[in-house]
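Subject: A structure to look through

Hello,

Please find the structure for our next discussion below. Could you open it first and then read my notes beside it?

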Amino acid sequence: MPCSAAHSVRRVRGAGWCGALVLVVAAAVWTARAEEDGPRARGAAEGPGSEASSLPASSVTPLGAVLFVWPALKEPLYGDADAAPWRDALARVRAGRAPDAGPGSEPRSEAALFLAADLTLLRAAAGGGDYESAATAYERALREAPDFADAARAWFLLGQAELAVGFAPEAGAAFRELARRFPTSPLLDDARLGQAAALRLRHRPGEARRIVEGVLARASGPARCRAEREAAAEVRAADTPAAAADAYRRVAGTCPELLTHPGFPLDYAETLALAGDADGARRVLADAGRTVRAADEQARLHLLAGRLAADAAGARAEYEQALAQKPAPALAVEAKMRLALLDAERSPERTVEALTDLAATPAAHALRAVVLGEAAEVAARAGRFEQGLALLGRAAALGADGMAQAEGRRAEILARWLAALDAQGDAAGVATVYAAYTTEVEESAAPAGRATVAHALGRLGLHRAAFRVLGARADGPREPAVAVTLAEEAFASGDLGSARKLLARLEASGLRPDLAERTHRLGARVALAAGDLERAAAEATAADDLGVRAEVATALLGAPGGAAQASALLQAAPAPPASVLLTAAAAAAAEGAWNTAADTYARALAAGATAPERMRAAAGLVRIAHARGEPARATAALAALRATDDDLARRVGRALEKRGAGHGS
């Protein structure tokens with residue numbers, strides 16, 4: 001059954017949205033507090049009532065968000081004088097006039113009560129009233145005249161009105177009451193379909209499907225098409241977007257007349273768009289636009305067309321057209337929200353301000369919460385994460401709907417904030433955010449977000465805090481980012497065995513590049529600590545980290561035959577620091593590669609940032625010069641060392657010179 005916007009809500013526990021592409025819908029599906037024992041009018045209507053009047057199938061007419069059944073105005077049961085004003089008003093509507101407010105007096109007779117309810121429902125379907133008032137009018141009529149001859153029709157329309165408001169339990173109870181009291185009513189199949197729709201909205205697809213299958217087994221003509229439509233709606237609620245799109249295509253092909261009905265073209269187009277068939281959705285909307293529709297229905301079509309528009313200008317035109325229909329408040333809020341979001345990339349600050357102002361206007365809390373959620377998203381995309389989280393806090397203060405909106409977005413915004421800081425190398429910033437939002441990070445952040453926090457804390461030396469973050473929830477170790485960080489923290493705390501076990505579960509080739517780099521880097525250090533130089537060299541070769549390569553190369557220099565491996569490990573470095581060059585030079589000298597060693601020591605002497613580095617480089621050059629019998633090179637190296645502004649370096653240079661002179665150089 002189609003959804004519609006309600007102007008007010010009597011009872012609210014939670015909210016969902018009708019139309020998967022729409023964040024704020026044409027209709028809010030409200031979960032009511034009603035029990036299964038029947039609608040509010042039932043207490044006055046125990047026991048079987050009058051037989052339903054004979055109604056041909058053609059009298060079921062789609063209007064707005066409901067299936068309407070016209071009363072038999074010429075029948076004697078509607079012939080009393082008190083009912084005349086409402087009878088005349090309904091006759092004008094059936095003749096093509098727009099429904100008016102009707103008589104100013106209160107209906108008194110039984111017939112007048114039922115006709116007054118009909119007129120209220122027609123006004124709601126035309127966009128001039130609300131379905132809640134219609135439901136209330138039918139409840140009054142059934143309470144005061146439970147045995148009226150046309151009660152079956154009233155029970156059916158009560159269910160339709162409740163369904164349009166979104167009160168699924170009450171709608172289902174009204175349809176069940178019709179089936180119980182009027183088992184031979186010609187409205188029985190449509191009442192069964194109403195029950196199925198109510199069950200679908202209550203997320204009970206199995207029961208709904210069984211009811212629809214029963215109707216399909218015996219229905220024909222328009223009733224069968226309505227059953228096919230409900231079956232497609234159930235596929236959309238419970239299956240994949242592709243399956244739902246196929247179901248709607250089948251219904252449109254079998255029952256093309258549904259494309260002229262209210263609601264169906266929009267549901268069809270939304271389903272196609274969700275399945276990725278944007279062109280098909282646009283074609284459905286273009287065809288639907290050729291049919292004159294009620295203001296709210298037309299507004300919904302424009303809203304979806306805006307979502308599917310090829311550019312911002314086209315989207316803006318559609319949203320403005322939606323507002324021009326003067327639709328129900330919920331639809332107007334959505335149109336204004338989407339217009340504001342069009343400027344989000346160009347002017348995020350103004351967009352956040354506009355959305356915040358919109359959220360302050362009188363509207364259902366669920367709508368205001370969605371608007372605040374969108375404002376938070378815009379702020380976060382602009383890098384204003386703290387403002388975004390504050391806006392979610394305001395949404396949460398609006399009750400259960402706002403809390404759901406905040407919970408769904410807070411973890412994502414926190415994760416993006418942490419990732420942005422981590423990408424900047426700002427470990428202190430990550431730790432600061434964690435300190436401010438400890439509960440949210442530990443309880444709701446995704447494993448990757450917690451791994452980011454733990455990695456930053458580890459870099460700050462806060463290993464115990466890092467372990468606490470990683471162990472906050474049981475889902476962590478299965479996430480690669482968490483497993484890598486756990487291994488790093490285990491190694492940092494001296495637990496070599498745990499680090500090795502965690503690394504053994506990881507396959508670096510299947511990880512994203514940054515995690516693979518960290519895995520190789522840690523693998524090299526773990527292998528080095530375990531004395532496995534071969535494994536350490538393999539991991540260091542795969543790592544793009546000169547520091548790790550230098551550590552492993554230094555260890556290899558002390559191992560028999562390790563000089564060649566050390567040299568190979570460091571030769572590929574394009575612009576290494578002096579510490580790496582010194583290790584590479586020592587490795588080359590150990591192999592007897594004097595030219596390579598001399599060039600590398602010379603590079604280390606030029607790159608040395610500290611006096612000890614420059615002294616080691618100069619000493620290496622002196623040793624090589626002596627080994628090659630080149631006193632001039634040794635003298636030049638010593639002169640470079642003596643020329644430094646570091647007193648210790650100058651003294652070492654003089655000492656080396658004297659030592660060299662003593663050897664006849």
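Here is what was found in it, beginning with the whole chain.

This is a predicted model, in which local features need pLDDT of at least 70 and side-chain atom pairs count only at pLDDT 80 or more, while totals for chains, interfaces and linings use all residues. Residues are numbered from 1 along each chain as its sequence is written, and side-chain values use heavy atoms, with hydrogens and water left out.

The protein chain holds 33 helices and four strands, which are DSSP runs (helices H or I, at least four residues; strands E, at least two) numbered from the N terminus. Of its 665 residues, 50% count as buried, meaning under 20% relative accessible area with a 1.4 Å probe, protein chains only.

Helix 2 (residues 110-125) packs against helix 3 (residues 131-144) at an angle of about 165°, with their axes 8 Å apart; the axes are lines fitted to C-alpha atoms over the stretch in contact, and angles run from 0 to 180 degrees between N-to-C directions. Helix 2 is therefore roughly antiparallel to helix 3, a term for angles over 145 degrees.

Best wishes

Technical notes
Parallel < 35°, antiparallel > 145°, perpendicular 65-115°, else oblique.
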